[in-house]
Amino acid sequence: MNRKHPLDGLIRAFMSLNLPNRLTLLRVALVPLYLVLLWFSQNSKLLSVLALAVFAAASLTDLFDGKIARKRHLITNFGKFMDPIADKLLTHTAFIMLAAMGRLNVVACIVFIAREFVVSGLRLCAVEQGHVIAAGMSGKIKTVLQMILAMLLTLVSGGYIAGLLTFATAVMTLYSMGEYVWQNRSVLGGAR
């Protein structure tokens, strides 16, 4: 009797996805592993380094999934939907955990998360009006700074460099939000 394992269908579904979408799902799957390693790393340098490696690997999937999708013309609706969710899941769960551990300033954490609510809301208004808001350079710089900050705070619990990077990242996050709102203010005027 040939009995199928319950994971067979899940594995088949995963393997039927294109490479960029698999990388996106891998990023989502790495988030809980990162959080567990980070939580238990408070007294273990080895676990801190492992948490950093997991976060770095997840961040690299963000870099590669988009490049591969564009280069090989593998852009899908699933990817358009899941990629930004995977990005926010990775960075914001890291920021919430780092704030809970006392490594990230709570105000900075709120700024990082609030920016995403504002920009996501703006994008929803744009979609309802038939417009698409592309990611701008300031948003990309913000993302890189946020990922570097999360990786630094995974290893250290404070210090001058961490404080300076937190401040710079918060300023860039606010600038990016302001730029998105200003450049797309007509969308807000058209939303009823």
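A surface patch, as the word is used here, is made of residues with over 30% relative accessible area and no salt bridge, and nonpolar side chains are joined into a patch within 5 Å. The model is predicted. V36, W39 and F40 make up such a nonpolar patch, and together they have about 340 Å² of accessible area.

**Surface patch**
- V36 belongs to helix α2, which covers residues 19-40.
- The relative accessible area of V36 is 47%, so this residue counts as partly exposed.

**Helix α6**
- Helix α6 runs over residues 137-155 and has 19 residues.
- From first C-alpha to last, α6 reaches 28 Å, close to the 27 Å expected at 1.5 Å a residue.
- Buried residues in α6 are S138, G139, K142, Q146, M147, L149, A150, L153 and T154.
- The packing partners of these buried residues are α2, α3 (45-71), α4 (77-100), α5 (106-128) and α7 (160-183).

**Nonpolar cores**
- The largest nonpolar core has 29 residues, of which Y34, L104 and F112 touch the most other members.
- Two or more residues of this core come from each of α2, α3, α4, α5, α6 and α7.
- Another core, of 7 residues, lies apart from the largest one and includes L122, A126, Y180 and V187.

**Contacts of F112**
- Neighbours within four places in sequence aside, F112 is in contact with H92, F95, L104, Q146, L149, T166, T169, A170 and T173.

Definitions and conventions. Residues are numbered from 1 along each chain as its sequence is written. This is a predicted model: local features need pLDDT of at least 70, side-chain atom pairs count only at pLDDT 80 or more; totals for chains, interfaces and linings use all residues. Side-chain values use heavy atoms; hydrogens and water are left out. Patches are made of residues with over 30% relative accessible area and no salt bridge: like charges are joined within 9 Å, nonpolar side chains (Val, Leu, Ile, Met, Phe, Trp, Tyr) within 5 Å. Accessible areas come from the Shrake-Rupley method with a 1.4 Å probe; for residues, only the protein chains shown count as cover. A salt bridge is a side-chain nitrogen of Lys or Arg within 4 Å of a carboxyl oxygen of Asp or Glu. Helices (H or I, at least four residues) and strands (E, at least two) are DSSP runs, numbered from the N terminus. Buried means under 20% relative accessible area, exposed over 50%, partly exposed in between (1.4 Å probe, protein chains only). The expected span of a helix is 1.5 Å times one less than its number of residues. Contact means heavy atoms within 4.5 Å. A nonpolar core is a set of buried Ala, Val, Leu, Ile, Met, Phe, Trp, Tyr and Cys residues joined through side-chain atoms within 4.5 Å.
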